[in-house]
Amino acid sequence: MIADHRSVGTAALVLVSALCAPSASSAAEVTTSAATAVSVVPGTLVRWSVPGTVRCRMSARSWAPLGDTCYFPIDLEQKPGVIRLARQGQGRMETARITVEPRNYGTHEIELPDIAQANPSPADLKRNARERTLLAKVFKRREGPSRFTLPLGKPANPLPEGKSFGVDRIFNGKPAAQPHTGTDYPVPASAPVVAVADGTVVLAQDLFYPGNAVFIDHGDGLVSMYFHLSAIDVQTGREIRKGDRIGQVGTTGRSTGPHLFFGIRWHNARIDPRFVLEDPAKIPAL
């Protein structure tokens with residue numbers, strides 16, 4: 001739904017160098033990097049570009065870089081603290097630490113009309129639980145090769161300024177179970193919605209809270225999401241090209257009026273879509 005703009009917190013990110021332990025097959029080089037400070041809050045994307053990068057690592061996960069750049073998504077509900085990063089180069093490894101500050105995107109009170117999502121029945125809640133299990137499988141899919149470049153295309157054209165990412169919502173006096181995980185764009189009803197990059201439609205169906213929804217896997221663990229559609233024009237399993245029409249703007253599900261909800265999960269982290277829709281040079285960098 002349409003909500004207030006977020007307020008951005010602050011954080012410190014400190015880059016440190018590390019020695020990769022020698023093995024029987026290779027020896028690591030010692031590298032030195034200058035300290036860097038950036039603003040990092042939950043829902044942020046951080047980039048680390050070094051020629052010759054071959055692998056990126058964050059906590060227990062690792063993935064291939066895009067070109068020579070590692071992109072590290074910080075989940076919207078990441079707890080405050082330190083996250084360890086690493087970048088594998090040719091014969092050496094560098095490490096970094098991100099200090100994440102508390103999330104603070106503000107609060108929005110919303111009055112829902114007399115719809116099922118305002119007062120879900122036991123049957124509705126069971127349906128939602130089944131759908132959450134289904135979505136968990138979508139987000140745990142094996143990460144294939146990247147099928148996109150940054151910035152992504154726009155999900156609608158023209159695309160007005162979006163808002164409400166990360167806000168804590170209160171529906172009819174009751175706090176929502178999680179913050180708003182995507183961005184709302186005031187696109188007119190029935191306007192075409194298009195794919196932001198090549199990919200595979202991994203789910204296209206009516207869901208209790210999102211309404212008519214489409215999920216597209218673009219490889220490299222990047223999934224785009226389009227909610228509250230009035231119509232879905234694709235089927236699960238379809239191969240999509242960037243710019244293909246996938247549906248129309250509507251107000252299905254838990255919605256107070258026509259708009260486009262657009263969300264991004266990258267390596268299973270929910271991030272502000274603006275980071276992948278704008279010039280990558282604007283992404284906070286190490």
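**Group meeting: a predicted model and its cavity**

Let me start with contacts, meaning heavy atoms within 4.5 Å. Residues 24 or more positions apart make up 70% of the protein's contacts with a separation of 6 or more.

This is a predicted model: local features need pLDDT of at least 70, side-chain atom pairs count only at pLDDT 80 or more, and totals for chains, interfaces and linings use all residues. Residues are numbered from 1 along each chain as its sequence is written, and side-chain values use heavy atoms, with hydrogens and water left out.

Now the overall build. The protein has two helices and 20 strands. Those are DSSP runs, numbered from the N terminus: helices are H or I, at least four residues, and strands are E, at least two. Of the 286 residues, 50% count as buried, that is, under 20% relative accessible area with a 1.4 Å probe, protein chains only.

Next, the cavity. On a 1 Å grid over the protein atoms alone, a cavity is a set of points where a 1.4 Å probe fits but cannot get out. A search of the whole structure finds one of 30 Å³ or more. Volume here is the space filled by probe spheres set on the points, with grid points joined across faces, edges and corners.

What lines the largest cavity? Its lining residues, with an atom within 4 Å of a point, are W63, A64, P65, L66, T69, C70, Y71, D220, W266 and H267. Strand β5, residues 69-73, gives the most, with three residues.

Last, one residue. M93 sits in strand β7, residues 93-100. M93 and T53 are 40 residues apart in sequence and 9.3 Å apart in space, C-alpha to C-alpha.

Terms used
On a 1 Å grid over the protein atoms alone, a cavity is a set of points where a 1.4 Å probe fits but cannot get out, and a pocket is an open set with protein on both sides within 12 Å along at least five of seven lines; lining residues have an atom within 4 Å of a point.
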